[in-house]
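Visitor: Could you show me how to read the open and enclosed spaces, the charged pairs and the burial in a model like this one?

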Amino acid sequence: AAVDLLALHGAPFWGRVAEPCLNCGACTFLCPTCYCFDIQDETLRGRGRRIRYWDSCMFPLFTRHASGHNPRGAKFQRVRNRFLHKFRYFPDRYGPFSCVGCGRCIRECPVGIDVREVLREMLAFAGRGA
């Protein structure tokens, strides 16, 4: 039977998983499947240009709206979104996971968050019929 990872949205472990996260973005900048960006307009001496910059969904300002509202203002919301995107939202839309198993995020995370451990916890929680 398919595991409903969307049931994990309200799981109690997200706060614990996110607690050590620094929101540094190392995991996303090193990930070969991450593609978040921001667009900035710059002007200098009356001339302008629009520039696309790499960005990270782990940064607190990434989802902040012009109104000031931020749907992912809390760290646990950003961490949860990263994992659910890779293992539920992306596969729902395109088929495969958005993780190639390269281990760059694990190797370079300054606080030791391990995507494999988080995925195991997600699957265990979903397997309990959450």
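Visitor: Let us start with the largest pocket: how do the residues of its lining divide into nonpolar, polar and charged?

Guide: A pocket is judged on a 1 Å grid over the protein atoms alone, as an open set of points with protein on both sides within 12 Å along at least five of seven lines, and its lining residues have an atom within 4 Å of a point. Ala, Val, Leu, Ile, Met, Phe, Trp, Tyr, Cys and Pro count as nonpolar, Asp, Glu, Lys and Arg as charged, and the others, Gly among them, as polar. Here the lining of the largest pocket divides into 7 nonpolar, 5 polar and 3 charged residues. The lining holds 15 residues, with Y35, C36, C57, N81 and H85 lying nearest the centre of the pocket, and α3 gives the largest share of that lining, 5 residues. The volume of the largest pocket is about 260 Å³, a volume being the space filled by probe spheres set on grid points that are joined across faces, edges and corners.

Visitor: Before we go on, what kind of model is this, and how are its residues numbered?

Guide: This is a predicted model, in which local features need pLDDT of at least 70 and side-chain atom pairs count only at pLDDT 80 or more, while totals for chains, interfaces and linings use all residues. Residues are numbered from 1 along each chain as its sequence is written, and side-chain values use heavy atoms, with hydrogens and water left out.

Visitor: Which elements does the chain run through from the N terminus on?

Guide: Helices (H or I, at least four residues) and strands (E, at least two) are DSSP runs, numbered from the N terminus. The chain has 5 helices and 2 strands, and the elements follow one another from the N terminus as α-α-β-β-α-α-α. Taken along the principal axes, the C-alpha atoms fill a box of roughly 60 × 35 × 30 Å.

Visitor: How many cavities of 30 Å³ or more does a search of the whole structure find?

Guide: A cavity, unlike a pocket, is a set of grid points where a 1.4 Å probe fits but cannot get out. The search finds 2 cavities of 30 Å³ or more, and the largest cavity has a volume of about 170 Å³. Its lining consists of 19 residues, among which C21, C27, R82, C109 and I113 lie nearest the centre; α2 (26–30), α3 (75–94) and α4 (104–108) are the elements that give two or more residues to this lining. The lining of the largest cavity comprises 15 nonpolar, 2 polar and 2 charged residues.

Visitor: And what volume does the second largest cavity have?

Guide: The volume of the second largest cavity is about 90 Å³, and of the 13 residues lining it, C31, C99, G101, C102 and C105 are the closest to its centre. Its lining divides into 7 nonpolar, 3 polar and 3 charged residues, with α3 and α4 each supplying at least two residues.

Visitor: Turning to charged pairs, how many salt bridges does the structure hold?

Guide: A salt bridge is a side-chain nitrogen of Lys or Arg within 4 Å of a carboxyl oxygen of Asp or Glu, and the structure holds 6 of them. One of these joins D41 to R50, whose closest N and O atoms are 2.6 Å apart, and both partners are exposed (over 50% relative accessible area; buried means under 20% and partly exposed in between, with a 1.4 Å probe and protein chains only). Another joins D92 and R88 at 2.6 Å, N to O, and these two residues both lie in helix α3, 4 residues apart, about one turn of the helix. R88 counts as buried because its relative accessible area is 18%.

Visitor: In the salt bridge of R116 with D114, how far apart are the closest N and O atoms?

Guide: The closest N and O atoms of R116 and D114 are 2.7 Å apart. R116 is partly exposed, because its relative accessible area is 47%, whereas D114 is buried at 9%.
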